Every structure is written in structure tokens, then in C-alpha cells.
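Work through the exercises below with the structure in view. Each task is followed by a solution in steps.

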Amino acid sequence: MRILVIMLCLLMQPVLAATSDPVETRTVRAQLVSATDGVGEGTGVVSAGLHLELEPGWKTYWRSPGEVGLPPEIDWSGSENISDVTLAYPAPTRFTAFEIENFGYGEEVLFPLTVALVDAGQAARLTLRANLLVCAEVCIPETVDVTLDLPAGGSVDAANARLLADWVARVPVSAEGAGLTVDQVHLSEEALTLRLVADPPLRSPDVFPEQGSYAAFGAPDVRLGDAGRILWARLPVLSSGEGGLDLTVVDGPRAATFRPDLSQTPPAPPGQSRGIALILLLAFAGGLILNVMPCVLPVLSIKLASALQARDRGAARVRAGFLASAAGVLAFFVALAAGIIGLRAAGVAVGWGVQFQNPAFLALMIGLMVLFAANLMGLFEVGLSSDVQTRMARTETRGGWGGDFATGAFAAVMATPCSAPFLGTAVTFALTSGAGLTMAVFVAMALGLALPFLIVAARPRLIERLPRPGRWMATLRRVLGGLLLLAAIWLLSVLAASAGWVIAGGVAAAAIAMLLALGFWRRATPIGAVGLVAVVVLALILPVSGGQPAVVSGPWQAFARDRIAQDVASGQTVFVDVTADWCLTCKVNKRLVLDAAPVSGLLARDGVTALRADWTRPDEGIATYLRDNGRFGIPFNAVYGPGAPEGIALPEILTERAVIDAMERAAGRQ
């Protein structure tokens, strides 16, 4: 009978549990779990976990939430016999919506807890308050209070131990522990680029960077090479952080977190050696096409006059002159590549054609065009002394290789505000590759632009097919000089839009004074040099008024990047046009396609938002938007909509059919 009473008393005791009572809110169900149902003898650390089950469609955040969001916060101040609680974070999942990158967890997550006791082996009570941000279409801050009692003694809870072990295994380990070797990591203002070696191979990895509270990175471009043994990734930098850079690489259940040493140059993508020949071919083709782009047309005036003048020269002189022009093209592109490499090493963002945003550069180009035009119109002659031949004012219409070289270099300079077919791919590759590949791409581009010069140099007798010189050449030269003056006026309008009419007026006055002085004294060397210095100095010392505000009319609205996600979310189709006054290709696109029927009518329809981004002046918001889309020059056009929330990029040279097809696809009608 006594034994029966004892058994009944034992049955009436509360059953020890390794799981707390659940707490439920509108979006989440929370519990504390422990691997044991008590504290074993001599035990100073207990393994536990905060188990969250989320309602369908809801998610919560990792310790670094991405562009928006908040990490969980815990407070154990009401606990008993507990000195510290450390929360670990399992590897996150990426959530992307409307170009916003977030890192966190959906459906279910268990945060492993390491619970340190004050008195080892004694009973403890873990009272935990967790502040969570839980989001779906809207975000709701949730607070859960859970308590778990851990009496002295107890045994292992097998089910909870397995659950904890499963989530502990998802907590990232070191790079070495995950079989990863850091090969190269580069961080600039534009992008984070990394290359890792993996053993065993990776299958579908993702990269989660952390760099302090204010850092944000775009979606990664992840590429695998050598059957998954090489990981290369590039992530656009949306905003810079202030702390050290930590990287978490996740590949299914495999995850690692590490802090890499940064390199000076970005690593090349895997398999690039096989594709470099294609990139160089694209760069060459893009450079060749630049010869017929509107940006180079001002230089053709000089070259045509030169070719006519060379009609009766010997083959050796013709060959040497055109080789000098080709050398001028090559020299400029080599210098441009070297400058880009240097600026990139210094952490400065670079782009194609952005020098046309600089007032001093525009002033120099205006002065040179006025100088060339004055020579073509016969306002001055250049002597043949060795001193004069080395100066930029030297033109090839009067003989001398210095003028030939200057013409080639001038053609290359004037080509940079244009973006020809194939050129965007080549320039993007060059600006995201190492120094050697950057130089190789720009040299290939230079050879394409210089090909017409090289063809004439190889076959000098081609010049003999031109008409013989005569009095008609004087008239033609004046016409060509007038065309150069028109080009200078166009650049003057670009300068006014970029820096205001105060600077543009000063430069115009200096250029007119130089033109009059050249016509009166007919001496190019001192007057040309003084005039060029004057226009540049004026551009530097006169106050910048900020230029003319971007004018949008018709269906167009001023560019605001946040409008893209907002309007797409409401079912709109969004067309983005990035343009500038100095981009002649942009003007051709507008004249022939965007501002012409039927595209103009399509952009004016209900349900379509047309955004125009004016990059005539430096604008970091537009520059960041271009970099995030893998572009470093303009024109750039993209279409967004319910059928293409991430956007459809259009070719540099627009066609009516390409625009209409992209808008149909973005609207979800194809």
C-alpha cells in the first residue's frame, strides 16, 4: 500500500519539459527549447534555442537585414542563475522584391542560444524577451516573452537535441571549416568583387556581405568555374559602410563567415580567358563603328581636308602621316586606360565620356575646335619649325607629323561621348577587370577607331582616287571650317547646360577674341597657345551657376529611382532614358525613336511612366543607377513593369521595334 501511495505521488508531480509554453502573435509562434529538461550536475553552460514559426508569407531578419529591416533583439534581464545568453544566427535566405535586397528567414527559424550559468549544476530560469520585425506586404514589430524553467538534474530531450543540432549546423563556420579558400576580394565605391576556391565544389551559392549599419549591396552576379571549384561574384555597392567587411557564403546547408584581406584590383571572372578574345573583338568592332558615329563627325572635317591636301604627296609621306594619326588615336586610348587604372586604384568611380561633364575639358575642346576651324578657313598658317610641330595647334593640312598625330588624338577624344553597338559590353568589361585587361580592351578599341587610318597607310595610292587640288579646295576648306565652328557652338551649349552661362559666356568671349586675333596677326603659335590657356582658365575661375535645370516635357518626368518600384507595384510600365546634352547618340535616339511616332504616343499612354535622367552634369544618383545596371556610359534605356520588375535593358542604338517589344514584355503582354 505504501508503494502504491508513493507511485501516485510521483504521477502527480509536474512533468519536466525541455520546451517552454508557446507564445503566439498575429504573425509568429515562439517557444524556447533546450537539449535537456534540466541542468546536469556540474553543468555551467546549457544549449537552448529560440524557435520561431512564421505565418505563410511572413519573414523576419538576419543580423544584417540588407537594404531595409531590423535584426532581432533579445533581453534576458529577468532570468535567474544566468550570467549571459549568446544568440547565434543560422545562414540567411535572400529576399528580393522591386530591386530591394533583404536577408532573413521565412516559414521557420531557430536561433541557437548559449546560456551561461552563474552557479553550475543549479536550477535556472531563462526569461527571454525578443523584439522582432516581421514583414510581408507590410512590416509589424512583434515582441514575444517566453520563459523556460531548468531544474537541477534532468536528462537529454532527444527530439529537441536533434532540432537544435540541425539549426546549429546551419550557423556559418570559418572559411577553412567550410572548405573555402579566399583567393581575391576587391571593394571599391562601385562594387564588391570576390573570387574563392572551394573543395568540395559549390552548387548554388549566395553571398551576403556586411559592412556596418549603413552599408547596402545589390543583388550579386554569381558565376561558377572549374565545375564549381571556383566562385566569382560581383555585388554593386548601393551605400558604403563604416566598419570592416565580413562575407558570408551560403551553399545549401554549407555556410561560412570570414573577414577577407582586400586586394588592389578586382578578380577576373572564371573562364574569362576563353572569353577575352570575344571581348577584344567586340571592343575592336565598337571602335570601328565609332568612325561613323555623330561624335566623330567634327574630326572628319579636318581629316577630309588633310586627305585632299595629301593628294599629290609621295606615297611615303602619305603613309607616315596616316600612321601618325593612328598613333594619336592609340596614344589617347592608352593614356585614357592608364588614367582609369590609376583613378580606380585610388578608389575613384570612373565612367565612359564623363569628362564632358568637366567645364575645363569642354573649354579646351571649344578652343581647339576654334583653332582648327580658323586654320581651315585660312585665318592663319602654321610654320614648319620643330617647335611648332609639337604643339596641339598644329594641323595636318599644312604638313608635319605633329598635326597628323594631333588629328588622331582629337578624333579619339571626340569619340568618347558616344556609345556604339558592342561598345557598352567592352567598356563594362574593361572597367570591372584588372589593369592588364583594361589596357587590352582600350587598345583593341583604339585599333578599331584607327582602322581607316591604317588602311590608307597600307595603301597610300587610295589617295590618288580623290579629285586633284584646285581653287575649289579653298571653298571646301571654308565650309569644313564652318562645320567645326558649329561643333564648337554645340559644345558651348553643353558647357552652358553643365556649368551655366557665366562660364559659357566667358569661354565664348575668349574664343571669339582668339579667332579675331588669329585673323589679324596670322600667327598661330603665341596667339593659339594664349587663347587655349585663356579659355581653360576662365572655365576654372568663373563661378559655376549649376547649369540649366533638366527640362522634361511631353510624356517625360524627371528621374527618381524610387518611382520605378512604386509605379511597377501599382501595375505601371516604366521607361527610363538616361541621356546628356553631350551625348550625340542620345540625341539621335530621341530624334529618330523616342520623340517620334509611334513610340512617343506609346510613352504618353495611361499606364506608362516615362522617366528621363539628365546626366549632363555630375549626378551620383544617376551614376549609381548606371553602375547597378552594369553600365558605365550612355545612352542607357531600360523598361520595367509587372512582367519585368527587374528591368529590360535596351541596346545603345534604339529602334522602334526594340522599344515596343520591350514595353510589351514589361507590361506582361508577351
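Arg657 is partly exposed, with a relative accessible area of 49%. The model is a predicted one, and the exercises start from this residue.

**Exercise 1. A salt bridge within a helix**

Find which residue forms a salt bridge with Arg657, and state where the two lie.

Step 1. The partner of Arg657 is Asp661, and the closest N and O atoms of the pair are 3.0 Å apart. A salt bridge requires a distance within 4 Å, so this pair qualifies.

Step 2. Both residues belong to helix H18, which covers residues 656-666. They are four residues apart, about one turn of the helix.

Step 3. Asp661 has a relative accessibility of 26% and counts as partly exposed. Arg657, at 49%, is also partly exposed.

**Exercise 2. Salt bridges between separate elements**

Determine which elements are linked by the salt bridge of Arg195 and Asp183, and which parts of the chain are linked by that of Arg612 and Asp595.

Step 1. The side chains of Arg195 and Asp183 meet at 3.0 Å, N to O. Asp183 is partly exposed, at 45% relative accessibility.

Step 2. For Arg612 and Asp595 the N to O distance is 3.9 Å. This pair links distant parts of the chain, 17 residues apart: Arg612 is in strand E22 (residues 608-614), and Asp595 is in the loop between helix H15 (584-594) and helix H16 (599-603).

Step 3. Compare the cover of the two partners. Arg612 has a relative accessible area of 13% and is buried, whereas Asp595, at 45%, is partly exposed. The cut-off for buried is under 20%.

**Exercise 3. The surroundings of strand E17**

Which strands pair with E17, among them E13, and in what sense?

Step 1. Start with E17 itself, residues 230-239. Eight of its 10 residues are buried, so the strand is mostly covered.

Step 2. Strand E13 (residues 191-198) runs antiparallel to E17 and is joined to it by seven bridges. In this pairing Leu192 stands opposite Leu235.

Step 3. Strand E16 (residues 221-225) is also antiparallel to E17, over five bridges. Val222 has Ala233 as its bridge partner in E17. The hairpin of E16 and E17 has four residues between the strands, and there Asp226 takes a positive phi near 55 degrees.

Step 4. Strand E15 (residues 216-217) pairs with E17 over two bridges, in the antiparallel sense. Ala216 stands opposite Ser239.

**Exercise 4. The disulfides**

How many disulfides does the whole structure hold, and is each cysteine of the Cys135 and Cys139 pair buried or partly exposed?

Step 1. The search of the whole structure gives two disulfides.

Step 2. One joins Cys135 to Cys139, S to S 2.0 Å. The torsion about its S-S bond is about 115 degrees, so this disulfide is right-handed. Cys135 is buried at 1% relative accessibility, but Cys139 is partly exposed at 46%.

Step 3. Cys583 and Cys586 form a disulfide with sulfur atoms 2.2 Å apart. With 80 degrees about the S-S bond, this link is right-handed. Cys583 is buried at 0%, and Cys586 is buried at 2%.

Conventions
Residues are numbered from 1 along each chain as its sequence is written. This is a predicted model: local features need pLDDT of at least 70, side-chain atom pairs count only at pLDDT 80 or more; totals for chains, interfaces and linings use all residues. Side-chain values use heavy atoms; hydrogens and water are left out. Buried means under 20% relative accessible area, exposed over 50%, partly exposed in between (1.4 Å probe, protein chains only). Two strands pair if DSSP finds at least two bridges between them. A disulfide is a pair of cysteine sulfur atoms within 2.5 Å.
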